[in-house]
Amino acid sequence: MRLLVIGSGGREHALVWKLAQSPHGTQMWCAPGNAGIAEERLAKNQSPVECVAIGAEDLPKLLAFAQQKQADLTVVGPDNPLALGIVDLFQKHRLRIWGPNQKAAQFESSKVFSQKFMEKHGIPTAKGRTFSDPSTAKKFAAKLGGKCAVKADGLALGKGVLICSTDAEANRAIDEILVSKAFGAAGAKIVIQEFLEGVEISLHALCDGKVAKIFPTSQDHKRALDGDQGLNTGGMGAYSPAPFLNDQQIAQVGQQILDPWLAGCGAEGIDFRGLLYPGVMLTKDGPKVLEFNARFGDPEAQVYLTRLESDLVELLEASVNGALDRHELKWSATAAVCVVIASAGYPGSYEKGAAISGLNEAARLPEVKVFHAGTARQDGGVVTNGGRVLGVTALGSDLWKARAAAYEAVEKIKFDGAHYRRDIGVKALR
Ligand code: AMP
């Protein structure tokens, strides 16, 4: 099979790496890819994965490329092309593509849509309401005592959620989004949710329109600094499994969330074939969905795909074909830890082009895979090319061992201004 993967981050490197192990793959491209993706080879015939300089949001060029190369399956990593309708476009031209169509991708591209869907179909979530008028929004926030999450409706590079603990903070957040238009059109409407306390986990489920197969648990680390301090980021590390739920509890949570979700999709004519990733707060009143994403988490993909034993090409094919009921997802009994190494300044502004050393030494360690996120090739070496630069991922027979292996590899890698959290997975060990 000829495979095309869309995206350029750590998640896409993990997808490419796992797809390349499948005996079904004969040729693979990644648009636009990164320096690490360009080093991967297909297990079947050792053919190199080719990176092509087409942006993940350039739908007409991606379509033309897939047609020219006669790609048998296109796999979409990031949220933006899904929200722009890449799946509908490819399907219109009879190309096979994995990911939710534009209507189904609304679970991520519109928080207003998600909040209304959850309320209508009895999915446990935070109490919330939708607003476009600042003064009514402020009255609602005041009723919550200012303790709330103010969320821009649309995609805002993961920055559209403002957590508030006082009336003044809530008023400022509402003005920032609705009046100052900090997120442009993505903030024409907002959702305000009550603030929920508890342990936050990431759930993932592979869906085929009728069936949702839930993954083991994982936990992301959103804040930039140790101890969950500093600014929110795209994710500074993840591990799996997260020990807050046993297998029976995961199945229960899955039922509480996914059963009404699937029934709701059926009732509303939403055909979701792709990856559903609910962010869930385990509160004292039970699990509650904070938000839905319509693609793999990044860095959750890195820990899941290193633990996944099943053939990913077959699973994604089954997801597209509506045949997941005939497949089992097999996971290794190991734990996985991914530590993200970021550029100085991230998640604020940062420079690119710093030379990275130690990649080969790190890669030689057993049970370690260094996924590239923001990297490029320059003058025969690898340089930084983004905020999140690398996702150093390791497996171990338990979380301690996986952590130790990941950090041993992290310490071998150097570039100017590199920073990473030293406490990935620590919450689980407590
Ligand atoms: P979201 O993109 O909606 O998941 O929000 C980003 C982050 O904000 C989440 O990962 C949570 O840590 C936090 N968050 C979102 N909604 C709430 C809420 N209702 N209560 C507490 N924290 C929240």
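This report walks through the nonpolar cores, an aromatic cluster and the ligand site of a predicted model.

## Ground rules

Since the model is predicted, local features need pLDDT of at least 70 and side-chain atom pairs count only at pLDDT 80 or more, while totals for chains, interfaces and linings use all residues. Numbering runs from 1 along each chain as its sequence is written, and side-chain values use heavy atoms, with hydrogens and water left out.

## Nonpolar cores

Let's start inside. A nonpolar core here is a set of buried Ala, Val, Leu, Ile, Met, Phe, Trp, Tyr and Cys residues joined through side-chain atoms within 4.5 Å. Buried means under 20% relative accessible area, exposed over 50%, and partly exposed in between (1.4 Å probe, protein chains only). The largest core has 36 residues, and Leu19, Met28 and Trp98 have the most contacts inside it. Elements supplying at least two of its residues include β1 (2–7), α1 (10–20), β2 (27–32) and β17 (273–283); helices (H or I, at least four residues) and strands (E, at least two) are DSSP runs, numbered from the N terminus.

Take Met28: skipping neighbours within four places in sequence, its contacts (heavy atoms within 4.5 Å) include Leu3, Val5, Leu19 and Pro48. There is also a second, separate core of 31 residues, with Ala362, Ala402, Tyr407 and Tyr420 among them.

Rings of Phe, Tyr and Trp (its six-membered ring) pair if their centres lie within 6.5 Å; planes under 30 degrees apart are stacked, over 60 edge-to-face, and the rest tilted. That rule gives 17 aromatic pairs. Phe107 and Phe113 make an edge-to-face one, because their ring centres sit 5.2 Å apart with the planes at 75°. Phe107 counts as buried at 1% relative accessibility, and so does Phe113 at 18%. Ring pairs also tie Phe107, Phe113, Phe117, Trp261, Phe272 and Phe292 into a cluster.

Cys265, in helix α9 (residues 247–268), touches Phe107, Phe117 and Ile270, leaving out residues up to four places away in sequence. Cys265 is buried too, at 3% relative accessibility.

## Ligand site

Of the 13 residues around the ligand (a heavy atom within 4 Å), Lys151, Glu194, Leu196, Glu200 and Glu291 come nearest. As for polar contacts (here, N or O atom pairs within 3.5 Å), a ligand oxygen is 2.9 Å from a side-chain N or O atom of Lys151, and a ligand oxygen is 3.3 Å from one in Lys111. A ligand nitrogen lies 2.8 Å from a polar backbone atom of Leu196.

On its own the ligand exposes 470 Å², of which the protein buries 88% (Shrake-Rupley method, 1.4 Å probe).

Definitions and conventions: A polar contact is a pair of N or O atoms within 3.5 Å; within protein, one must be able to donate a hydrogen and the other to accept it, and residues adjacent in sequence count only if both atoms are side-chain atoms.
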